[in-house]
Amino acid sequence: MIPEIRRCPRCGKPYTDYPAISRRDNKTEICPECGTAEAFEDYFGISYSGDAYWSDNVDESMLSESPAKSNGIYSLKNGWLKQPERDNIPDEPDLEPELGNWLEDAFHCNTVETIDEFIDNLYKLRQESLIAEGEYGKGNLIFKELRNRGILQGLKDKKVQLENQEMSLTEEKELTEAEQVDSWWADRKNKICEYYHTLMESTALPGEYDRNNPYLDQRALAQTANKFGYGKDMIKSVLKGER
Ligand SMILES: [Zn+2]
């Protein structure tokens, strides 16, 4: 099989190895050597001074100095012009017990607020670690570990789920309020009827007035309407059971 020959946009040299993806935009393909060079730049905080070789929609902030400590100058042609003080990428640090604590905290995030706070703290940990220690800082590695284990996405999904639950609880509450209005009106209708019937019974002979078939008296209607703040028609329809 004939290997595919590509030209590296960063150094201009042809190469046949599997390409590296530029850290500058996460998509431009560059040669493996340039991929390593970019990693060195990031790790040691070296500013790249050549032409932009990555895609056009590159974020300007990527061109600015890496937040990592700067202590070396690396030339693609000549190698190290000034050796960095730390000349080895450190061994992967032991992430315990911090990682365990973060996992424990993530497990206890049961509300939208605690999830927001957790994610906020995690991004803060990463940012501070990147500035102070660079890409291999403990905080950044903890962040990556939690992200790779799916904890970050899991919490984001859980937040959406909790928000949906809250929404349906609100809907239930609204339904209860509508029911409360219904029961208030039922109670009020009883009071209106009771008032009118009592009024009628007070002027009728015993057993003469039938509550189930109320006689509509204009004066009693007017008095009841006045008492409850409605019109006479309203009192009539309440008595007839139309409302
Ligand atoms: Zn290259």
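Tutor: Helices here are DSSP runs of H or I with at least four residues, strands are runs of E with at least two, and both are numbered from the N terminus. Before we go on, please keep in mind that this is a predicted model, in which local features need pLDDT of at least 70, side-chain atom pairs count only at pLDDT 80 or more, and totals for chains, interfaces and linings use all residues. Residues are numbered from 1 along each chain as its sequence is written.

Now to H4 itself. Its buried residues are Gly139, Asn140, Ile142, Phe143 and Leu146. A residue counts as buried if 20 or more other C-beta atoms lie within 10 Å of its own, as exposed if 12 or fewer do, and as partly exposed in between, with C-beta atoms placed from the backbone. These five residues of H4 cover an arc of only 160° around the axis, so they sit on the same side of H4. The arc is taken from the directions that run from the helix axis to the C-beta atoms.

Packing here rests on contacts, and two residues are in contact if their C-beta atoms, placed from the backbone, lie within 7 Å.

This brings us to the largest nonpolar core, which has 10 residues: Trp102, Ala106, Cys109, Ile115, Phe118, Leu122, Ile142, Phe143, Leu146 and Ile151. Such a core is a set of buried Ala, Val, Leu, Ile, Met, Phe, Trp, Tyr and Cys residues joined through C-beta atoms within 7 Å. At least two residues of this core come from each of helix H2 (98–107), helix H3 (112–133) and helix H4 (138–148). Take Ile115 as one member: beyond its neighbours within four places in sequence, Ile115 is in contact with Cys109, Leu155, Lys158 and Lys159. Apart from this core lies another one, of seven residues, including Ala20, Ile30, Cys31 and Ala37.

The axes of H5 and helix H7 (residues 232–239) come within 10 Å and cross at roughly 95°. Axes are lines fitted to C-alpha atoms, for helices over the stretch in contact, and angles run from 0 to 180 degrees between N-to-C directions. H5 and H7 are therefore roughly perpendicular to each other, a label for angles of 65 to 115 degrees, while under 35 is roughly parallel, over 145 roughly antiparallel and the rest oblique. Lys189, Ile192, Cys193 and Tyr196 of H5 make this contact with Ile235, Val238 and Leu239 of H7.

Glu96 and Pro97 are joined by a cis peptide bond, with omega about 5°, and Pro97 lies in the loop between strand S6 (79–82) and H2.

Finally, step back to the whole chain. It holds seven helices and six strands, and buried residues make up 16% of its 243 residues.
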